[in-house]
Structures are given as C-alpha cells and as structure tokens.
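Trainee: I have a new model open and would like to learn how to read it. Could we go through it together?

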Amino acid sequence: MKLDTMERIAEEKEQSLHHVQALINALGDPSKWEYRDEMNDTGSMNSRCACGHSIRYEFIIYSPEGKTAILGSTCIENFSQFNPESAARMKKDYESFMEKVKAELKAQKEKLASDEVEKAKSEFEPVYAEFKKYIDAKRSPNGYLPYDVYHTYNYAFYEHNKIKNFKRKITMVKKYKELTEYCKRAMGVN
Ligand SMILES: [Zn+2]
C-alpha cells in the first residue's frame, strides 16, 4: 500500500473516531436514538450534525424521551455501529434521494440539449431550402447537375440524412451548425 494511501486511511479513521466521540458527547448513548424516516435537504451546507460539522442533508433522530437531534449523511456510517437498523434506513433514504436528484438533473440536461437541437435545426432549415433552390438552378434542361455541384449537393444531402441517427444531441447540434456553414459557403453566402 502506498504511503499517502495509508496516511489518508489513518486520517479518515481519526476523523471518524472524532465524529463518533462527538456523537457520544452530544447524544449520550447513541444506540437509544432512532431514525423515523425524516430526512431534509436544506439546499446548502447551513445545517449542523449533532457531532458539530456543517451539513446539507439532515436525518432527524429521536431519543426515547422524544427529544430530536440531527445527523448528517457522513455520520450515518458512524451511527451504524450504535444502531445499524436505523442507519440502514437512513442510508436507503439517502441513496434513493440521490438517485432522484440524479434523474432530475439528467432530465434537465436532456431538455436543454433538445432545445439546442431545435434551435440549430431551425437555423439550418431555411438555409438548406435556399441551398436546394440554388442547386436546382444549376441543373441542365435534362435535369443533370455539373459534377462539382452534384458532389456538393450529394455531400449536404447525405450529411443531412445522417443527423437524425446521431444518438448524442451535442453531435446533432454540431452537425446542424457545420452543415449550415457548408451550405452558405457553397452558395457563396457568409
Ligand atoms: Zn456528524
């Protein structure tokens, strides 16, 4: 084991002992306190664990006399050696809350990405319509395009069709923007 790893573990152990001692000081016999499934997200680090450190997530615990105290998420582990049953429920609530937060963040990001795709698409479409008109004007009476124009059109057409198959929205946005520039350049518009 590397020395810095050992030092870190030793420090974590010492921190943990410090928390445990502080919990005993604050609660008396911590094993008598129980969790009744009340957890709060305060939204910032402005609350305090019974052991003294700043916390964001509060787990309310009750003494047999009905007194309440607050535990922070990092002290769940420390509390588990006194009351493993309550600690297990706290851990479960904490994990499912975090899952929910993660899912909400993901949905928010998806929504933002979708909006960006829509924006890039709406900027591309009129340019692409102009581009197609520009290409059509180059056709000979029998419908043929000069080779270089045909090549330019084929590339834009092929890339445009590819966009809807991209899985990542960020790639779609990038491609719409690239293609908008490409069509403008092909028409000699800046
Ligand atoms: Zn604590």
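Mentor: Gladly! Let's begin with a definition: the radius of gyration is taken over C-alpha atoms, and the globule rule is 2.2 Å times the number of residues to the power 0.38. Keep in mind that this is a predicted model.

Trainee: What radius of gyration does the protein have, and what would a compact globule of 190 residues have?

Mentor: The protein has 31 Å, whereas a compact globule of 190 residues would be near 16 Å. Along its principal axes, the C-alpha trace spans about 95 × 45 × 25 Å.

Trainee: Is Phe59 buried or exposed, and why?

Mentor: A residue is buried if 20 or more other C-beta atoms lie within 10 Å of its own. Phe59 counts as buried because it has 28 C-beta neighbours inside 10 Å. You will find Phe59 in strand β4. Leaving aside neighbours within four places in sequence, its contacts are Tyr35, Met39, Ile70, Leu71, Ile76 and Met90. In the protein, buried residues make up 16% of the 190 residues.

Trainee: Which residues touch the most other members of the largest nonpolar core?

Mentor: In this core of 18 residues, they are Cys49, Ala50, Phe59, Leu71, Cys75 and Ile76. Strand β4 gives the largest share of this core, 3 residues. There is also a second, separate core of 7 residues, including Ala120, Met172, Tyr176 and Cys183.

Note on methods:
Residues numbered from 1 in each chain as written. Predicted model: local features only at pLDDT ≥ 70, side-chain atom pairs only at ≥ 80, totals over all residues. Core = buried A, V, L, I, M, F, W, Y, C linked by C-beta atoms within 7 Å. Buried ≥ 20, exposed ≤ 12 C-beta atoms within 10 Å, placed from the backbone. Helix = DSSP H or I, 4+ residues; strand = E, 2+ residues; numbered from the N terminus. Contact = placed C-beta atoms within 7 Å.
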